Amino acid sequence: MSQQLDAETETTTQTIRESLNQALHEELERDERVLLYGEDVAEYGGLYKISEGLYEEFGEERVFDTPLAETSLGGTAVGAALAGARPVVEIMYADFLPIAGDHLINYAAKMYFNYGDETSVPMVVRSMYGTGDGHGLHHGQSPEAWFMNVPGLKVVMPSTPREYKGLLKGAIRDDDPVIFLENKMRYGESGPVPDEEYTISLCESDVKREGTDATIVAIGGMVYEALEAAERLSEQGIECEIVDPRTISPLDTGPILESVEKTNILVTAQEAPTFGGFGSEVAAQVIDDAFFYLDAPVKRVGAPFTPIPFAENLEEAYQPTADDIESAVIDAIET
Amino acid sequence: MQELTLPKLGQAMEEGLVLEWHCDVGDELTAGDPVVVIESEKTSHEIEADQDGRLLAKRVDAGDTVPIGTTLGYVGTDDEADDLPDDSAAETDAGAAEPSDADASPADRQTASDSSGDVDREQIGTETRDDGPAPETIRASPSARKAARVHDVDVTAVGQAVGVAQVRPEHVDEYVAAQETDSGEEIRGSPAARRIADERGVDLEAVGEDRGTTRVRMADVEQYADQQPASIPATDERIDDEATAAADPSPSVRETVSITGGRQVMFDRMQTVSSEYGSTTTVAKVDVTELRSLLDSLGSSWEAYHDVSPSLTAFVLRAVAQELPAYPMLNAEIVDDDGTDAFVRQFEDINLGLAVDTDHGLLVPTIYDADTQSVTELGDTVSDLARQARERDLEMEQQQNGTFTVSNAGTFGAYINTPQINPPQTGILGVCTVNEEPGVVDGEVVPREMMHLCLTYDHRVVEGATAVQFLQAVKRRLEDPQSLLS
């Protein structure tokens, strides 16, 4: 694992929620240009309690609430970044990112290219996605594919507590606009987080599990599902390698290609509908660059091409899980 | 009734070799039984019966190469035997001794068989109807041509197979559908399987057939390749391993050459001959002094009236062609060579194969009816065929139907060169170089021009006496060259 923790590194078990809170705390403390604002992030501490205590610690100049107006959130962030701040904006639910989309797509992403004078837009838009809580059509969509087609935007989707923290700190220090997607269903996941100060660079894929028989490229919350599927498949004698890109765009394809060249089988896993999704792009990249290493059709695990259903049973059927990944790997191997 | 046609086994395939019939006309078949094995440049393929019944007819002999779509035979019930389409190209009567214009194959002279005396082109049933139109009369509508292009099939083949002179798109569909039924699902390999197959030098289709799958995976290739005796790939691996190369005392490899095309044909045939034939060679020393002086004296006058100079090869061919009819066992082929029901088919026609060395391998064009050609005609034919062979301009028919072969290694200076039989033939004559040697004429030692003739024959079917007598007869003709001018 390229990002394997050193054995000597002191770690503490934290939840993703805790690691994110710590990341924000550390960055607000480290750099006074860092601002945190959005709906209910200050006094309430964030709907999911990610920013709990930060308003009290850093005051309303640095951490403040805004009206329910995503367009303004996007526009003010671009302006603040251009003016020298490093804003961290929370858009409560990624479903509403398109409301700020014009500022993100047509301004934040374009400034550097438009002016050609090293103008940068160092802003982070934190936003929540994730299915499984009965929030239906508008509060759980995975928006990565909406934005990965926009050159100039970086799209980050961490999986573990350690990466949430390291990548958020990395995103805040990155000079480009970053959409930082948090899986709201996974805030409670816990794992080791280094005690010492660290950041994780964007645009580096990570191998989460080594294996020789099939490559699973999983993103965000699906990394956990992939790990579970890999354990079950291991009991059947199939050793899966799991690659977690962590940054969706720009994509670090190297580890993916290396893995497919080793295993000859590719399965992708995402929560979003498969059509036109991240998995499709990975499949295309692999077909382009490692075609003659593929020994089976590429299998993409994702949601059906329909909005997230409200009904609990339908949502359960809709949501891709370890079961789906497990059958996709077996399908590919037995095709 | 099932019409067995030659399927298209690959994009580049235009014709295929009928390698072996698994059964004889009249044999009972169950759906799924293999009937005939065909082979293209790259692969072999078994055609199975798709219904219960009997093999009603064979339209193409084992060993013949025919275009795709050609009807090979029919499988059906006894009742259907009456409805069998006529085969204008086939001999329905084994006694018909006259070589037919329509049939380029050598006519059967006699079948020396243990019991049944079955001849392949035999056909059950008496009533016949007109066969499909001749290839040159087949026309196709533009839409049919387009459909044929889409399916990568030949409209002429479609017309012949479907039996229409005017090919329409629906005929193409019918033909393609029939082909798919006949040839089963195409064997495909995964990209990785293709890469590994390439690296390990194995044929994907062979892997698929061996493993019983139409979807070849990497593991299939590896398991198949592991079963094969290590040969060329083993050498390749050695080159790759540079670390051990320095310590490895075995010779370093300059190049590994794949065995394909003409070389593959040579490889296969010589494999057959060396493992199955009882090849023996007898040598005669021929005094060609008179023949050489005759060639010299004819030289200028021939060149004035013919395009070619008189050649020793033409005289040898003439001598062979004139003597061969008296030795039918040498103008023959071995059929069903599995050692049990084998028989020899002796030919009426004298079709001499002439081994020609070219940049693209050894080719053996055929001189049809060599016994009816004069020395000048033979010289013309040899010159044309050799040029066509070098220019890769030989039609398939010009490389088939040989009944005996002549190989001239003398042009390269061979003193004694034992040629190898071109299966399924029974004999081959090797012509060696001419050397000036002391000879005895009327009790005096004088310089003579001498040449070896080496006859290799299949001793399983040709008696030693027969072979020696034939060779001596050829020697006598060459030593009396005037006799060959008649």
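Helices are DSSP runs of H or I at least four residues long, numbered from the N terminus. In this predicted model, helix 5 of chain B is followed by B:Gly212, whose phi is positive, near 65 degrees. The paragraphs below begin with this helix and then turn to its surroundings.

Helix 5 of chain B spans residues 204-211, and B:Leu204, B:Glu205, B:Val207 and B:Gly208 are buried within it. These residues cover an arc of only 155 degrees around the axis, which puts them on the same side of helix 5 of chain B. An α-helix has 3.6 residues a turn, so residues three or four places apart point the same way. The buried residues of helix 5 of chain B pack against several elements of chain B, namely strand 12 (188-189), helix 4, strand 13 (215-216) and helix 6 (218-227).

How do helix 5 and helix 6 of chain B cross, and at what angle? Their axes come within 10 Å and cross at roughly 90 degrees. By class, the contact has 3 nonpolar, no polar and 3 charged residues.

Chain B also touches chain A, in a contact that takes 8 residues from chain B and 7 residues from chain A. On the side of chain B, the largest share, 5 residues, comes from helix 4 (residues 191-200). By class, that side has 4 nonpolar, 1 polar and 3 charged residues.

How values were computed:
Residues numbered from 1 in each chain as written. Chains lettered and ligands numbered in written order. Predicted model: local features only at pLDDT ≥ 70, side-chain atom pairs only at ≥ 80, totals over all residues. Contact = placed C-beta atoms within 7 Å. Helix = DSSP H or I, 4+ residues; strand = E, 2+ residues; numbered from the N terminus. Nonpolar A, V, L, I, M, F, W, Y, C, P; charged D, E, K, R; others polar. Buried ≥ 20, exposed ≤ 12 C-beta atoms within 10 Å, placed from the backbone. Arc of directions from axis to C-beta. Axes fitted to C-alpha atoms, helices over the stretch in contact; angles between N-to-C directions.
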